[in-house]
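Colleague: Can you walk me through this one? Let's start with the sheet.

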Amino acid sequence: MSVTASDVAQVALLARLTIPDDRIDEVTDRFTRVLDLVAELQQVDTDGVLPMSNPHDMEQRLRADEVTEVNERDHLQQPAPAVEDGYFLVPKVID
Amino acid sequence: MPDINLATATAAEVLGALNNRDISSVELTQAYLSRVDALNGHLNAVITVDHEGALTAAKDADDARHRGEGGILNGVPLLHKDIFCTSGLRTTCASRMLENFTPPYDATVVSKLKAAGAVTLGKTNMDEFAMGSSNETSYFGPAHNPWDLSCVPGGSSGGSAAAVAAGLAPLSTGTDTGGSIRQPASLCGITGLKPTYGRVSRFGIIAFASSLDQAGPMTRTVEDAALMLNAMCGLDPHDSTSADMPVPNFHDALRGDLKGLRIGLPKQYFSELLDVRVANRIQDALKELEAEGATLVDVDLPHTQEGIATYYVIAPAEASANLARYDGVRFGHRCDDPTDLMDLYARSRSEGFGSEVQRRILVGTYALSAGFYDAYFKKAQQVRRIISNDFKQAFDQCDLIAGPSAPGVAFSVGAKSHDPIAMYMEDVYTLSVNLAGLPGLSLPAGLINGLPIGLQLIGRAFDEATLLKAGHRFQLRTDHHRLAPPFGEIS
């Protein structure tokens, strides 16, 4: 499986990462090596096998729909880089 | 100090001294903090030391003991891997992304160990976001192996393993997504247990791959691991994947012999690819278990090799989803002067994450993206079930499975860091165990040219008790776990 530098750039965009131009070939090379490694999967016959997302096939446990937590907004926002009046600040999105 | 050699002391020994009033927790904590201060410059095993918090907690433990109170680890010093959120104490996950992150709450493991009376000395070094097998992806630089400072301690819980091996604390926590407790335990000559998926709450553990991550004890002895597991584990309403299963007294479960115990040896673990010196140590260890009454049987784990490919799709895919939360908005690193929201996201993430983390996010994003999901992620989840079924079939013929914890001993810093595939092979014996959600235990099994190697025992789901009993019997017969690196004596 070979991928091109532009494929990797497209994946980086999806992942919200920027890869500097001078590193794109190296990143593509290592990315390709990982894909070559995982290509081994295609040799396994998986016809009719149910995908496994939880090792014990556990059902999601539900809780009673009751309020158990108190509002701690100020406390929980302490690690935020920028807040104002309880809101997270980001660059202007709409002109 | 009374007769406690901190370089080799176990938690059980330390507890005995505390309970006999031979020493106070404050004295003990000061002594361990002094060792951390004296030795960590060489080891880089600890990222953050909490002198003040530790001494306060030690005083509280002493007061509780005077009142006749206190939990099962009352006053015992401990280090946490820097992946566990600790309220008010910086938690970096060894990443620039979280260099200045102080969590507003404790992980369940942290609050449970606090409630048991353990005293947190600080936070240990690790691979960035637990992605690595050598501790070299840490933003804070690699931790070093106390058996040979030019070598890696393994990873990702490398700082925890190095710290226990060097006697900076008798206990440390680790997490294991593909071998991150067992492989560094093997490379540093300590005992490391990855419990069954769901045994220990993941709440407040910075997520890597949520269907694989599990926290466990890293200790000198199996006895200490049993004590610590009881203090850490159990159903947690804050983690819907934590298991509603009975929790035995693991310390009581150490009693008894191994008569009738069947130990399975997968032929795939003992192929010609295995270093013959490692194979010999494992064979020696198996003879000890036989002498305890266990019988050895051959079993088949035919998809061991494909386990690597399966893991390196599922783990990065889950990681790419989990690490999407680091967007520079709510917590973690934010770039300077973003021009727009996209620039804020992309630059904060590219500056905050190291290269291995970015590589795994890219692979995971690719495996989950439109057009590739079926060929990669779904396919890997199908093979995961086949691997899990292989283990179930093997456990029809045996009660435990044995093999090496790692393909070899500790390697030099830098030896594999430029070759991601070579590094991924470090976990060939451990990662299938995470895919199947089973418990795995690494036990010191001797030295090769002065460097430790570990025996891995794998158990049935939720049967840590049998695993710990076998490990304890092994340690009653052997001295490997009592060996300490010469480095620890320097202080």
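This is a predicted model: local features need pLDDT of at least 70, side-chain atom pairs count only at pLDDT 80 or more; totals for chains, interfaces and linings use all residues.

Colleague: What is the strand order in the chain B sheet?

Modeller: E1-E3-E2-E4-E6-E5-E10-E11-E9-E7-E8, an open sheet of 11 strands with mixed pairing. Strands (E, at least two residues) and helices (H or I, at least four) are DSSP runs, numbered from the N terminus. Two strands pair if DSSP finds at least two bridges between them.

Colleague: Which strands stand at the edges?

Modeller: E1 (46-49) and E8 (295-299) of chain B. Each has a single partner strand, so one side of each lacks a neighbour in the sheet.

Colleague: How do E7(B) and E8(B) pair, parallel or antiparallel?

Modeller: Parallel, over 5 bridges, with E7(B) covering residues 262-266. Ile263(B) has Leu296(B) in E8(B) as its bridge partner.

Colleague: Now helices. Which strands does H3(B) lie across?

Modeller: H3(B), residues 51-66, lies across E1, E2 (77-81) and E3 (119-124) of chain B. It runs at about 155 degrees to E3(B). Axes are lines fitted to C-alpha atoms, for helices over the stretch in contact, and angles run from 0 to 180 degrees between N-to-C directions. Contact means C-beta atoms, placed from the backbone, within 7 Å.

Colleague: Which residues of H3(B) are buried?

Modeller: Ala54(B), Ala57(B), Ala58(B), Ala61(B) and Asp62(B). They cover an arc of only 145 degrees around the axis, so they sit on the same side of H3(B). The arc is that of the directions from the helix axis to the C-beta atoms. Buried means 20 or more other C-beta atoms within 10 Å of the residue's own, exposed 12 or fewer, and partly exposed in between.

Colleague: What do those buried residues pack against?

Modeller: Helix H2 (25-43), E2 and E3 of chain B. The face turned away from the buried side carries exposed Glu52(B), Asp63(B) and His66(B).

Colleague: Switching topic. How many residues of chain A are in contact with chain B?

Modeller: 40 residues of chain A, in contact with 55 of chain B. H2(A) gives the largest share of chain A's side, 6 residues.

Key:
Residues are numbered from 1 along each chain as its sequence is written. Chains are lettered from A and ligands numbered from 1 in the order in which they are written. Two residues are in contact if their C-beta atoms, placed from the backbone, lie within 7 Å.
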